[in-house]
Amino acid sequence: MGDLSSLGLSDWLVKQCKQLGINKPTPVQENCMPAILEGRDCMGCAKTGSGKTAAFVLPVLQKLSEDPYGIFCLVLTPTRELAYQIAEQFRVLGKPLGLRDCIIVGGMDMVAQALELSNQPHVVVATPGRLADHIRSSNTFSMSRIKFLILDEADRLLEQGCTDFTKDLEVIMGILPAKRQTLLFSATLTDTLQELKNIAMNKPFFWESKTRTVEELDQRYILTPEKVKDAYLIHLIQTFTDEHDDWSIIIFTNTCKNCQILTMMLREFNFPTISLHSMMKQKQRFANLAKFKASVYKILIATDVAARGLDIPTVQVVINHNTPGLPKIYIHRVGRTARAGRNGVSITLVTQYDIHLVHSIEEQIQTKLKEYPVQEKEVHKILTQVNVTRRQCEIKLESTDFDEKKEINKRKQLILEGKDPDLEAKRRAELEKIKSQKKLFKQKIQENIERQKHRQLKKKLMKRKQMKKKKDGKTPKQ
Ligand SMILES: Nc1ncnc2c1ncn2[C@@H]1O[C@H](COP(=O)(O)OP(=O)(O)OP(=O)(O)O)[C@@H](O)[C@H]1O
């Protein structure tokens, strides 16, 4: 492995890296940085926690120091928390340059952001939705001269998940110069490789690490019936609390509501818990994350909004309260621990209905998950108490306006997308009606087929019986 200066970085940047504990380049840095410094587009697919951020931040800072102007670089990323984390890396590593950065994300003051954009910062780090809003609504800034476009978690930006960025990306691409360097990074690029190649058009340098998850990660599972899941969770946390002084856990769950209920539950059991999900106000999201990072709270319960990119060195354990439906979500979730060469453990709670999901995860990561040993007796001792607590928390949550807020948030989102929420509701109801009619129709056809089969079978049996009778009649009695 070479050192940082042999890769083409200036002394001031190497010194700055050393201050942050970056002494030797990681493989993704060693391979991608020279190509970026040569002026090539680059696609880096490397394991979680392997230093992809510095792999693009360092060459950008190197080039910026040679020809500083604003706006020099635009970084797009799927979540607001990640945007702040990336901007921080730019700020710390670029301190000797007097780097000016600007963070453009939803949920924060748009006027203040517009002002910052008009001051021509060197680097803009943004989530696509809010940046596209600025482009649509003002002409006080220009990105026509940017040298670097970076898509961090590039596959997430291009996939059409629950938050679809494609329209916003089109708006953003529309104001960027064709002559630029495009850098794409993620731990899981392969699903969207073709789309990515369309964005990084100049024969991109492609580098991929051989394995999907890191060796330092001990990947475990617990097979559990759905209604014993929470008892396992409480038991696991209690065990970690008893056995370790300095520990932090992230628990991933599938919905905002579940996130809220589990947080309430764990607090009932006196565990220092805090949550992070998209139904929280942005300021609260930042505040909660800061408290978790500072170890004020040792347990973070989160939806997949925290699955990608977050770099919190104290996290030793990741628990998947639900088995992720897609292997790549699993890869990002468990990648919140065992980062930068540290050890970590991930435990996935698996019900009998999720076993096929585990198989496809194992196929992707080419590693078999090992069973996590648990004292079943201890789990059964707390089962009733845990389930009663959950029910109480559910009732408590129902008495708040959580579901109502969810509905209001949905309506707000539709309005932001330029849609009429009432019309959308009507359309959805009609679609539902068509769906259930189709289902009924299918059911009827299926019933008819079954009936026909039954009739044919009956006929066959009758025929066979008659034949047998005939045959028996012909056979002379002994
Ligand atoms: N060369 C290096 N030596 C030691 N530590 C490093 C090096 N490069 C980066 N790091 C540290 O490793 C940690 C993880 O880096 P980073 O967040 O960039 O990972 P990543 O590959 O982007 O992960 P993810 O896929 O989860 O986003 C950070 O704390 C970073 O400061």
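The model is predicted: local features need pLDDT of at least 70, side-chain atom pairs count only at pLDDT 80 or more, and totals for chains, interfaces and linings use all residues. Residue numbers start from 1 along each chain as its sequence is written. The protein is assigned domain 1 (4-208) and domain 2 (217-404), with bounds that come from an automatic or database domain assignment. A ligand lies between domain 1 and domain 2, because both give residues to the shell around it.

**Domains and their contact**

- The C-alpha centres of domain 1 and domain 2 are 30 Å apart.
- Domain 1 puts 17 residues into the contact and domain 2 puts in 15 residues; two residues are in contact if their C-beta atoms, placed from the backbone, lie within 7 Å.
- On the side of domain 1 that touches domain 2, helix H4 (residues 80-93) gives the largest share, 4 residues. Helices (H or I, at least four residues) and strands (E, at least two) are DSSP runs, numbered from the N terminus.
- That side of domain 1 has 4 nonpolar, 7 polar and 6 charged residues. Here Ala, Val, Leu, Ile, Met, Phe, Trp, Tyr, Cys and Pro count as nonpolar, Asp, Glu, Lys and Arg as charged, and the others, Gly among them, as polar.
- UniProt, in an unreviewed entry, lists residues 216-380 as "domain: Helicase C-terminal". UniProt positions are given in the numbering used here, feature names are shortened, and annotations may be inferred rather than shown by experiment.
- The span 216-380 is 39% helix and 19% strand, and its end C-alpha atoms lie 32 Å apart.

**Sheet with strands E1 to E7**

- Seven strands form an open sheet with parallel pairing, in the order E3-E4-E2-E5-E6-E1-E7; two strands pair if DSSP finds at least two bridges between them.
- Strand E3 (101-104) and strand E7 (205-208) are at the edges with a single partner strand each, so one side of each has no neighbour in the sheet.
- Neighbouring strands of this sheet are turned by 10° against each other on average, direction ignored. Axes are lines fitted to C-alpha atoms, for helices over the stretch in contact, and angles run from 0 to 180 degrees between N-to-C directions.
- Strand E5 (residues 148-152) pairs with strand E6 (residues 181-186) in the parallel sense over 5 bridges, and isoleucine 150 stands opposite leucine 183 in E6.
- Helix H4 packs on this sheet and touches strand E2 (73-76), E3, strand E4 (123-126) and E5; its direction makes about 180° with that of E3.

**Sheet with strands E8 to E14**

- Another open sheet of 7 strands, with parallel pairing, has the order E10-E11-E9-E12-E13-E8-E14.
- Strand E10 (273-276) and strand E14 (370-371) stand at its edges.
- Strand E9 (residues 249-252) and strand E12 (residues 317-320) are joined in the parallel sense over 4 bridges; isoleucine 251 is opposite isoleucine 319 in E12.
- Helix H11 (residues 256-268) packs on the sheet against E9, E10 and strand E11 (299-302), with its direction at about 175° to that of E10.

**Ligand surroundings**

- The ligand has 21 residues around it, of which Thr48, Gly51, Lys52, Thr53 and Ala340 come nearest; a residue is near a molecule if its C-beta atom, placed from the backbone, lies within 6 Å of it.
- Helix H3 (residues 52-66) gives the largest share of this shell, 3 residues.
- The shell divides into 7 nonpolar, 10 polar and 4 charged residues.

**Backbone details**

- Glycine 70 and isoleucine 71 are joined by a cis peptide bond, with omega about 0°; isoleucine 71 is in the loop between H3 and E2.
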